[in-house]
Amino acid sequence: MTITVRDVHALEILDSRARPTLSVAVTVEDGSTWAAGVPAGASTGSGEAVERRDGDPARFSGHGVLAAVASVNEEIAGALGGRRFESLAALDQALIDLDGTSDKSRLGANAIVGVSMAAARAFAASAGVALWQSFAGLIREPRLPVPHFNVVNGGVHAPNALDFQEFMIAPLGAPSAAEALRAGAEVYGALRRRLVDRALTTGLGDEGGFAPEIAQPEEVLALLVHAIEDAGYRPGRDGVALAIDPASSELYDEGIYHVAGERFSSDEMIERYVAMVDRFPIWLIEDGLAESDWSGWVRLTDRLGDRIELVGDDIFCTNPTTIADAVGRGVANAALIKVNQVGTVTETLEAMAVCRGAGYGQFVSHRSGETCDDFIADLAIGTGCGHMKAGAPARGERVAKYNRLVQVEDAERLDYGLG
Ligand code: PGA
Ligand code: ZN
């Protein structure tokens with residue numbers, strides 16, 4: 001795989017939350033152009049690569065990305081234009097060197113990740129393979145991931161009373177990606193009917209899940225079990241399991257977690273999770289504790305690590321060094337994988353390789369602010385990571401990723417599932 005960059009060009013577009021983001025295109029020597037849309041988070045970890053936002057209150061309440069667009073069109077285009085790269089790793093390293101900071105704040109992680117994603121597509125094309133195939137064998141052999149549909153939204157993704165951010169349904173027992181999508185959509189429909197029956201709103205949060213006025217997470221979990229049964233599936237690992245992302249860094253203040261108006265210590269949160277796992281078919285908890293609560297994370301991992309997957313999101317920020325540190329300290333047993341959190345595709349693959357080497361799971365993820373770019377579906381398939389979350393089985397920017405799974409499944413003979 002080799003490319004010679006002819007041009008790099010970005011422009012300001014809108015994301016799914018009516019905020020500006022970047023569309024980036026890389027043109028190579030044969031004139032072909034490869035594009036990417038840049039995602040953006042709302043419940044971000046403090047260790048994330050730093051987005052460049054304009055901060056001009058007269059435009060998009062300060063969220064404009066014209067400076068990041070200029071980073072691409074001027075500095076990055078100037079530095080990369082006319083250069084030949086032997087690998088995506090070499091191109092990503094050129095971006096990191098050009099930026100010169102440890103957190104990508106000078107050029108902007110949003111500028112850099114867009115170039116990296118678009119370049120990954122250009123490299124795959126130069127090798128004559130689909131994007132997912134360009135990742136094959138780097139971590140594991142390709143397989144179709146279990147989609148984790150976020151069907152109830154709370155936290156900073158919805159204005160309701162629910163403090164936990166994400167409640168996901170995971171068709172672990174489905175025989176194929178197509179049947180998993182069907183299960184996700186049917187349970188989503190059954191859930192809507194349950195909400196209507198209880199006169200609860202069917203308005204949606206940022207990731208396309210319902211945002212009902214329910215405060216207690218256990219009440220949502222019970223509702224989901226009923227919706228799974230209504231739709232004709234078995235709740236559990238052999239059918240449709242549950243997963244949650246409380247995004248608990250957002251609930252944490254001076255050593256105390258705040259849930260539905262009540263205060264909890266780390267140990268009280270851990271015991272609450274144990275009770276939830278005893279009572280409901282939860283197979284995965286992401287960010288059960290806050291990014292700064294490392295000692296709590298060790299105890300959480302001791303208590304539940306052999307029963308369920310414990311995914312670190314804010315605490316790791318897809319950073320290979322942080323994950324390696326966590327492995328040594330017995331923190332979590334899986335990492336969330338977000339390309340824009342670390343800022344290049346190459347570093348994302350490094351984070352996944354660290355996880356793989358340590359026996360940690362890798363859970364590929366979208367962001368709450370998205371475009372219709374389906375890059376993460378190819379990343380999840382090609383790396384064989386086994387599971388992916390991209391929001392609800394509704395809204396165009398979410399289903400773009402899920403539909404890509406069934407398109408690849410239709411064209412290729414690949415296994416489905418956690419593996
Ligand atoms: P974000 O949230 O994309 O808004 O940061 C997603 C998550 O916490 O997993
Ligand atoms: Zn998260």
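Predicted model: local features only at pLDDT ≥ 70, side-chain atom pairs only at ≥ 80, totals over all residues.
**Entry 1: helices H7 and H8**

I began with a general point: a pair of packed helices is described by the angle between the axes and the distance between them. I then looked up helix H7 (residues 266-279) and helix H8 (residues 294-304), which pack at an angle of about 25° with their axes 10 Å apart. Angles under 35 degrees count as roughly parallel, and H7 and H8 are therefore roughly parallel to each other. I noted the crossing of H7 past H8 as right-handed. On the H7 side, the contact is made by Ser266, Asp267, Ile270, Glu271, Tyr273, Val274 and Val277. On the H8 side, I listed Gly296, Arg299, Leu300, Arg303 and Leu304. Sorted by class, the contact of H7 with H8 has six nonpolar, two polar and four charged residues.

**Entry 2: helices H12 and H13**

I next turned to helix H12 (residues 375-383) and helix H13 (residues 396-411). Their packing angle is about 45°, and their axes are 8 Å apart. This angle makes H12 oblique to H13. H12, too, passes its partner H13 in a right-handed crossing. I found Ile376, Ala377, Asp378 and Ile381 of H12 meeting Lys401, Arg404, Leu405 and Val408 of H13. By class, I recorded five nonpolar, no polar and three charged residues in this contact.

**Entry 3: the largest nonpolar core**

Which residues of the largest nonpolar core touch the most other members? I found that they are Val8, Leu91 and Val115, in a core of 134 residues. Helix H3 (residues 109-126) supplies the largest share of this core, with 11 residues. I then followed valine 8 in particular. Leaving aside neighbours within four places in sequence, valine 8 is in contact with Val24, Ala25, Val26, Val72, Asn73, Ile76, Ala77, Leu80 and Val115. As a general remark, nonpolar side chains tend to be buried together in soluble globular proteins.

**Entry 4: glutamate 166**

I located glutamate 166 in strand S6 (residues 166-170). Not counting residues up to four places away in sequence, glutamate 166 touches Asn150, Val152, His157, Glu207, Ala243, Ile244, Asp245 and Lys389. I also looked up its separation from phenylalanine 210: glutamate 166 and phenylalanine 210 are 44 residues apart in sequence and 10 Å apart in space, C-alpha to C-alpha.

Notes. Residues numbered from 1 in each chain as written. Chains lettered and ligands numbered in written order. Heavy atoms only, no water. Axes fitted to C-alpha atoms, helices over the stretch in contact; angles between N-to-C directions. Helix = DSSP H or I, 4+ residues; strand = E, 2+ residues; numbered from the N terminus. Parallel < 35°, antiparallel > 145°, perpendicular 65-115°, else oblique. Left-handed = near helix turned anticlockwise from the far one by under 90°. Contact = heavy atoms within 4.5 Å. Nonpolar A, V, L, I, M, F, W, Y, C, P; charged D, E, K, R; others polar. Core = buried A, V, L, I, M, F, W, Y, C linked by side-chain atoms within 4.5 Å. Buried < 20%, exposed > 50% of the residue type's maximum accessible area, 1.4 Å probe, protein only.
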